Amino acid sequence: MKRIITNTFLLVALTIIFGACSKKSVTYIQVLQPAMLTMPDNVQKIAIINRTFPKKGEGTQFLNVLEGILTGEGIMTDRFASEECVNGMTAIMLQSPRFQVVRPPVAKYYGTGTGRFPAPLSWGEIEKICKENGADALIALEAFDSNSNVTYTEGTRTVKNKEGVDVQVPTVTANSRMNVTQGYRLYDVKNKQLFDEFRSEEYRGFTGKGDNPNMALANLPPKMDMLNKTAFQAGQVYGTRITPLWITVGRQFYKKGNYPLELAGRKAAVNDWNSAAQIWAKEVYNKDKKVAARATYNMAVASEVEGKLDLAVEWANKAYTSYNLKLARDYSQTLQYRIEQQKKADMQMRSKTNPVDENNNQSK
């Protein structure tokens with residue numbers, strides 16, 4: 001914790017120091033990032049189940065216990081971690097207004113209990129789950145497995161001896177890599193379509209330090225904590241695959257060049273973009289080309305902040321073509337990419353327009 005606090009303090013201090021000397025400042029805006037996968041319009045409410053529990057009497061349960069003993073991962077740890085995987089995905093989905101999510105009350109749905117996919121669920125069972133929960137689709141975590149390894153790195157650290165003299169003593173770092181294999185299926189109940197089948201391997205690293213390997217190993221976080229954190233992070237990967245999300249991006253703008261630019265920069269810093277834009281709109285005609293170029297570029301940023309993306313591209317293009325401001329060329333490309341992504345995200349966010357099926361619940 002001390003290191004985190006120290007690093008945070010240094011980052012803030014450096015930001016203040018360099019920010020005071022820099023000719024540019026940064027503003028932050030919210031951007032809707034589309035999902036990798038565009039869901040059908042009819043899918044509004046999604047039921048989520050964990051189908052990674054091994055069936056009794058089929059040998060998989062015994063094999064899971066044996067694997068836990070042989071690998072040292074612990075018995076039944078994957079059962080608990082698979083729930084964290086589902087929780088990670090659900091946490092991402094709940095950040096977006098695109099979907100409603102529901103967890104059916106049934107505690108266990110049986111699969112292989114390993115990283116292998118079982119046979120897909122029958123449409124009869126899928127329809128039953130969706131009907132009972134008023135859902136338009138079903139997401140099932142159907143494969144889950146984990147493993148880990150530890151390597152050691154030797155080094156030294158500085159301590160003071162009894163005489164107060166700095167001396168180097170050996171130290172060891174235990175590097176633990178926790179690996180998670182996850183597999184999801186997404187069933188569109190209305191169209192009776194297996195809409196998505198996704199499998200990935202995710203990992204996360206952890207470290208512990210000590211004077212010898214045993215101490216370093218003991219200073220690693222508890223294995224279950226490392227597994228749960230890795231599983232939660234893995235679940236988030238699938239959540240971002242299917243969920244449009246608001247993210248924060250930074251945009252640079254010029255705050256120096258002459259007094260009006262400095263004044264406008266201060267107004268932008270307190271989110272008075274309208275007043276700042278009025279000043280920049282005048283400075284684009286300044287006889288000093290450097291001032292005019294910066295004001296023109298800043299007009300692009302102001303336009304994006306106001307949501308006028310096409311106008312922002314026009315201003316950025318002008319700043320590059322008229323003044324050869326290379327930052328404006330890069331910004332224009334960023335804006336054009338954002339326009340494409342915005343169109344995709346808007347399409348993904350649209351509400352259900354199809355009429356309600358009399359045999360199904362109304363869209364939520």
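## Aromatic cluster

Tyr184, Phe198 and Tyr238 form a cluster linked by ring pairs. Rings of Phe, Tyr and Trp (its six-membered ring) pair if their centres lie within 6.5 Å; planes under 30 degrees apart count as stacked, over 60 as edge-to-face and the rest as tilted. This is a predicted model: local features need pLDDT of at least 70, side-chain atom pairs count only at pLDDT 80 or more, and totals for chains, interfaces and linings use all residues. Residues are numbered from 1 along each chain as its sequence is written, and side-chain values use heavy atoms, without hydrogens and water.

## Ring pairs

The structure holds eight aromatic pairs. Tyr184 and Tyr238 are stacked, because their ring centres are 4.4 Å apart and their planes at 5°. Tyr184 sits in strand β7 (residues 166-188) and Tyr238 in helix α6 (residues 223-242), 54 residues apart. Both Tyr184 and Tyr238 are buried (under 20% relative accessible area; exposed is over 50%, partly exposed in between; 1.4 Å probe, protein chains only).

Phe253 and Trp273 pair edge-to-face, at 5.4 Å centre to centre and 70° between the planes. Phe253 is buried at 1% relative accessible area. Trp273 is buried too, at 6%.

## Thr52

Thr52 is buried, at 8% relative accessibility. Its side chain makes polar contacts with the side chains of Asn50 (2.6 Å) and Ser82 (3.3 Å). A polar contact is a pair of N or O atoms within 3.5 Å; within protein, one must be able to donate a hydrogen and the other to accept it, and residues adjacent in sequence count only if both atoms are side-chain atoms.

Definitions and conventions. Helices (H or I, at least four residues) and strands (E, at least two) are DSSP runs, numbered from the N terminus.
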